[in-house]
Each structure stands twice: as structure tokens, then as C-alpha cells.
Amino acid sequence: FSFSGWNFFGSSSYVLNTQGVTILVNIFFGVALNAARGVALQIENIAKQFVSNFLTAINPQITKSWASGNRDYCFSLVAKGVKFSLLVILAFFLPLFFEAECALDLWLAKVPAHSADFVRLALVGLLVDMVGNPLLTLILATGKVRNYYLLTGLTSYLCLPLAWLAFKLGAPVEWSYVSFILIYLIVLLERFVMARRIASFPLGKFFRSLAPMLQVFALAFA
């Protein structure tokens, strides 16, 4: 009950942020812009499903290797999970980021306003949110989730108030995604810190292993 309770506390923030911000967009900007968010959400869900399918295969191995005490293999799986998640997201991210308008014109007879910008921002948010999931699996495998969910859960809950404040001050509708990206960037950093503190995850070695990924990103964007 303790484990599932803390898990619910942390996971419910994502639902609040996505559905709550949709309600805020409806209040501040009207129903029409929710159609554009719906288009972006469909594309985001397709990309998220691809990444989730891959992680479904690797997550049990992370848990099993931690439980058996094989820490080196466990940490290598986490690192591979992060790197391959980045590559899968990149396959969706690049063409849609640069050619969002073209893709939407091919897909839809009438493209809602702001759809292309929403698609780009949704993919950035997906990158920030999903890339740290193998770290979450590692932390869950330890069973020590209370402090992790207290930290990341409370941080995640700031997304909705931040979006509300931005809209109240006159920010454009794109802040419905910008607030999510900013908050979940902080959550990603917190995941790294907590993985180090709870599971002694070797951050230095991990970041050095990401160097080839930076080359892939640079060449792909070029």
C-alpha cells in the first residue's frame, strides 16, 4: 500500500498537468485551440507508444538484475535504455520538428491554428519526459520510492500553477507546453540526483557514455 500510494501520488501529477492545462487553455483561449492540442496529443501518443514498447522489453531486466545484485549489468541496461529512447524519439522528432506544417497538411484537410507549434513543443516535452524513464525503473526496483516521489511529485504539481500564472500575465497559448517542459526538465535533473542517492547510479560514467549520442544529434540536425 505504501509503494502503490507513493506511486499514485507521483503519477497523478502527470494527469493533472495534461488535463488541467487543457482546461486552462479552454478557459483563457477558447475551445478552438484545444483542437490543435488534440492533434499534437495524437502525434505525441504515437511516439510515446514506440518508446514505451521498447522500454517494456528492457524494464523487467533492469528490475531483475537489481534484485539479483548484478549492479554493473543493471546500470548498463539503464544507460542503454536512455540512449535507445533518445534515438527512437529522435526518429520522430527531427522530421516533424522541421516539417510539421508539411506533415499536418498531408494528414488533415483543415489544419487547426497553432497545430504545428504545438506538435514541435509536444515533441520537446516528450523528449524531456520519456528519456528519464529507465532511471525511474531503477529507482522503483530499489523499492525506496517515498523520497523520490515527494521530490519529483511536488515539483511536477507546479506545472499547472505555472501555466495559470503565465496565462494570467498575458503569455501566449504556447506556454501550455513551455511550462510543462520547464518543470519536467527540473524533474529530469531530480531523477538523476535521486538515482545517484538511492541506487548509487554512476552519473559520471553515464554522461561520458552519452558522448556518441551528442555526435548523432549534431549530425542528424545538420
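Predicted model: local features only at pLDDT ≥ 70, side-chain atom pairs only at ≥ 80, totals over all residues.
Mentor: Before we begin, a helix here is a DSSP run (H or I) of at least four residues, and helices are numbered from the N terminus.

Trainee: Why does His114 count as partly exposed?

Mentor: The class applies to values between the cut-offs, under 20% being buried and over 50% being exposed. His114 therefore counts as partly exposed, because its relative accessibility is 34%. Ser200, with a relative accessible area of 47%, is likewise partly exposed.

Trainee: How should I read the packing of two helices, and at what angle do H2 and H6 pack?

Mentor: Two packed helices are described by the angle between their axes and by the distance between those axes. In this model, helix H2 (residues 32-67) and helix H6 (residues 133-142) pack at about 35 degrees with axes 9 Å apart, and their crossing is right-handed.

Trainee: Which residues in H2 and H6 meet?

Mentor: From H2 come Leu55, Asn59, Ile62, Thr63 and Trp66, which meet Asn133, Pro134, Thr137, Leu138, Ala141 and Thr142 in H6. Sorted by class, this contact of H2 with H6 has six nonpolar residues, five polar ones and no charged ones.

Trainee: What does Phe9 touch, leaving aside residues up to four places away in sequence?

Mentor: Phe9, which belongs to helix H1 (residues 2-29), touches Tyr149, Leu150, Gly153, Leu154 and Tyr157 when those sequence neighbours are not counted. With a relative accessible area of 24%, Phe9 is partly exposed.

Trainee: Finally, how many disulfides are counted?

Mentor: A disulfide is a covalent bond between the sulfur atoms of two cysteines. The rule asks for a pair of cysteine sulfur atoms within 2.5 Å, and by this rule the count is zero. As for individual cysteines, Cys102 is partly exposed, with a relative accessible area of 40%, whereas Cys159 counts as buried, because its relative accessibility is 0%.

Technical notes
Residues numbered from 1 in each chain as written. Heavy atoms only, no water. Buried < 20%, exposed > 50% of the residue type's maximum accessible area, 1.4 Å probe, protein only. Axes fitted to C-alpha atoms, helices over the stretch in contact; angles between N-to-C directions. Left-handed = near helix turned anticlockwise from the far one by under 90°. Contact = heavy atoms within 4.5 Å. Nonpolar A, V, L, I, M, F, W, Y, C, P; charged D, E, K, R; others polar.
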